[in-house]
Amino acid sequence: MSIRKATENDLSVIRQIAGLAFPAAYRDILTAGQIDYMMQWMYSLSSLQRQFREGHVFFLAEKDGVPAGYVSVQPESGTLFHLQKLYVHPAFQATGVGRALFLHALSYARGCGAARVELNVNRHNSALAFYRKMGMIVHREVDNPIGEGFYMNDYIMTIDL
């Protein structure tokens, strides 16, 4: 497996993985309407381009030359980084791709001077167990309105580096 920094030329690959992994992760948690809204909100070409401009750094994992997953991190303030996204193509789940991407994101943040990384995760997402296993702890709960009457009902999880 290899992990490399993504460029804006990789947006179609990120969108392709997201189109499979995001709905699969949330189909038992969110309505189809909210999933569709969030896919457009977070993964439209213009949204991804904006994220790049705002300082999100994306990394792509590939196994045997096939795109397997991605992660994005963003500096927040001072020594705090936010892990914005971590999704693995369904065909590559439970193969170590998620762990490798997570550790790569932490290493990148640490190399940029981060002392802590945080992320938002839906309170009913099965990924909670993964993040706990990786050493993250629940710091607080938030209910963020995202438009169209939808909310992100999340835990904010943190890990000190």
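Helix α1 crosses helix α2 in a right-handed sense. Here a crossing is right-handed if the near helix is turned clockwise from the far one by less than a right angle, and left-handed if anticlockwise. Helices (H or I, at least four residues) and strands (E, at least two) are DSSP runs, numbered from the N terminus.

This is a predicted model, in which local features need pLDDT of at least 70, side-chain atom pairs count only at pLDDT 80 or more, and totals for chains, interfaces and linings use all residues. Residues are numbered from 1 along each chain as its sequence is written, and side-chain values use heavy atoms, with hydrogens and water left out.

## How the helices pack

Two packed helices are described by the angle between their axes and the distance between the axes. The axes are lines fitted to C-alpha atoms, for helices over the stretch in contact, and the angles run from 0 to 180 degrees between N-to-C directions.

Start with α1 (residues 11–26) and α2 (residues 32–43). Their axes come within 11 Å and cross at roughly 150°. The pair is therefore roughly antiparallel. The angle classes are: under 35 degrees roughly parallel, over 145 roughly antiparallel, 65 to 115 roughly perpendicular, and the rest oblique.

Which residues of α1 and α2 make the contact? From α1 come Ile 14, Arg 15, Ala 18, Gly 19, Phe 22, Pro 23 and Tyr 26. From α2 come Ile 35, Met 38, Met 39, Met 42 and Tyr 43. Contact means heavy atoms within 4.5 Å. This set holds 10 nonpolar residues, 1 polar and 1 charged. Ala, Val, Leu, Ile, Met, Phe, Trp, Tyr, Cys and Pro count as nonpolar; Asp, Glu, Lys and Arg count as charged; the others, Gly among them, are polar.

Now bring in α3 (residues 45–53). Its axis and that of α1 come within 11 Å and cross at roughly 120°. This crossing is right-handed. Leu 11, Ile 14 and Arg 15 of α1 meet Leu 45, Leu 48, Gln 49 and Phe 52 of α3. That contact has 5 nonpolar, 1 polar and 1 charged residues.

The last pair is α2 with α3. The axes come within 5 Å and cross at roughly 45°. That makes α2 oblique to α3. On the α2 side, the contact uses Gln 40, Trp 41, Met 42 and Tyr 43. On the α3 side, Leu 45, Ser 47, Leu 48, Arg 50 and Gln 51 take part.

## Two nonpolar cores

In soluble globular proteins, nonpolar side chains tend to be buried together. A nonpolar core here is a set of buried Ala, Val, Leu, Ile, Met, Phe, Trp, Tyr and Cys residues joined through side-chain atoms within 4.5 Å.

How many residues does the largest core have? It has 28, and Leu 83, Phe 102, Tyr 131 and Met 157 have the most contacts inside it. At least two residues each come from β2 (57–63), β3 (66–77), β4 (80–88), α4 (97–111), β5 (116–122), α5 (127–133) and β7 (150–160). The top contributor is α4, with 6 residues. A second, separate core has 24 residues, including Ala 6, Val 13, Ile 14 and Tyr 70.

Look again at Phe 102. Leaving out residues up to four places away in sequence, Phe 102 touches Leu 83, Leu 86, Phe 130, Tyr 131, Met 134 and Met 136.

## Buried or exposed

Buried means under 20% relative accessible area, exposed over 50%, and partly exposed in between (1.4 Å probe, protein chains only).

| Residue | Relative accessible area | Class |
|---|---|---|
| Ser 47 | 4% | buried |
| Asn 122 | 7% | buried |
| Thr 31 | 49% | partly exposed |
| Glu 148 | 66% | exposed |
| Asp 64 | 81% | exposed |

Ser 47 belongs to helix α3. Beyond its neighbours within four places in sequence, Ser 47 is in contact with Gln 40, Trp 41 and Met 42. Asn 122 is in strand β5. Not counting residues up to four places away, Asn 122 touches Tyr 26, Ile 29, Leu 30, Leu 128, Asn 153 and Asp 154.

Thr 31 sits in the loop between α1 and α2. Thr 31 and Phe 150 are 119 residues apart along the chain, yet their C-alpha atoms are separated by 9.8 Å.

Most residues other than glycine have a negative phi, and most peptide bonds are trans. Asp 64 is not a glycine, but has a positive phi of about 50°. Its place is the loop between β2 and β3. Glu 148 also has a positive phi, near 55°. Glu 148 lies in the loop between β6 (137–147) and β7.
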